[in-house]
Amino acid sequence: METIQNRFNEFGVDGGRVAKSLRPKFNVFTKHVTTHTGFEVPQVEMKSLVLGAIILKGVGSLLFIFGSTLGAFFLLLHQAIEIPILYDFYNHDVDKKEFVELFFKFTQGLALLGALLFFIGMKNSMQRRSPKKKAPKAKTT
């Protein structure tokens with residue numbers, strides 16, 4: 001019989017199944033970044049990357065629920081890092097079914113990125129507006 005601790009601890013010592021499935025996609029992404037920009041991406045442990053993504057998304061979501069711009073920035077950062085790594089449609093042929101699925105998810109992620117930018121822009125424009133004071137009306141008797 002499986003213990004409760006083992007049942008809910010899929011993270012393990014190496015990051016679990018998520019880290020194992022993320023490693024090949026991350027390696028391809030770092031190769032693309034290095035060849036196109038010349039910038040060498042430092043080596044990162046997958047366990048740390050998964051933990052960082054969970055924390056960034058969790059804290060950002062909680063702050064965003066309460067209307068914080070900082071939470072929107074955290075979610076924006078999370079999406080900007082996550083989208084090109086997870087939805088790597090550019091590594092597949094256009095004729096394949098997997099290309100269409102990944103491209104669809106990629107565009108959904110971009111739409112979410114745009115919604116977060118819209119939220120940040122609206123939040124900043126609302127703070128700049130100062131409430132207009134109404135001129136006192138003259139009393140007529």
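Helices here are DSSP runs of H or I with at least four residues, strands are runs of E with at least two, and both are numbered from the N terminus. The model is predicted, so local features need pLDDT of at least 70 and side-chain atom pairs count only at pLDDT 80 or more, while totals for chains, interfaces and linings use all residues. Residues are numbered from 1 along each chain as its sequence is written, and side-chain values use heavy atoms, with hydrogens and water left out.

On this count, the chain has five helices and zero strands, which reads as α-α-α-α-α along the sequence. Of the 141 residues in the chain, 23% are buried, where buried means under 20% relative accessible area, exposed means over 50%, and partly exposed is in between (1.4 Å probe, protein chains only). Taking contact to mean heavy atoms within 4.5 Å, 52% of the contacts between residues at least 6 apart in sequence join residues at least 24 apart.

Helix 2 gets a closer look here. Helix 2 covers residues 16-37, and at 1.5 Å a residue its 22 residues should span 32 Å; the end C-alpha atoms are 31 Å apart, which agrees. The expected span is 1.5 Å times one less than the number of residues. There is a kink of about 35° at arginine 23, shortly before proline 24; such a bend is the angle between axes fitted to the seven residues ending at a residue and the seven starting there. Just after helix 2, glycine 38 takes a positive phi of about 80°.

The buried residues of helix 2 are Gly16, Ala19, Leu22, Phe26, Phe29, Thr30 and Val33. An α-helix has 3.6 residues a turn, so residues three or four places apart point the same way. Helix 3 (46-65) and helix 4 (69-86) are included in what covers these buried residues.

How do the helices pack? Axes are lines fitted to C-alpha atoms, for helices over the stretch in contact, and angles run from 0 to 180 degrees between N-to-C directions. Helix 2 and helix 3 pack at about 105°, with axes 9 Å apart. That makes helix 2 roughly perpendicular to helix 3 (65 to 115 degrees; under 35 is roughly parallel, over 145 roughly antiparallel and the rest oblique). Val18, Ala19, Leu22, Arg23 and Phe26 of helix 2 meet Met46, Lys47, Leu49 and Val50 of helix 3. These divide into seven nonpolar, no polar and two charged residues, with Ala, Val, Leu, Ile, Met, Phe, Trp, Tyr, Cys and Pro counted as nonpolar, Asp, Glu, Lys and Arg as charged, and the others, Gly among them, as polar.

With helix 4, the axis of helix 2 comes within 9 Å and crosses at roughly 100°, which makes helix 2 roughly perpendicular to helix 4. This contact uses Leu22, Lys25, Phe26 and Phe29 of helix 2 and Pro84, Ile85 and Leu86 of helix 4.

Leucine 63, in helix 3, is partly exposed at 29% relative accessibility. Leaving aside neighbours within four places in sequence, leucine 63 touches Ser68, Leu70, Gly71 and Phe74. Serine 61 also lies in helix 3 and is partly exposed, at 28%. Glutamine 79, in helix 4, counts as buried at 8%. With neighbours within four places set aside, glutamine 79 is in contact with Pro84, Gly109, Leu112, Leu113 and Leu116.
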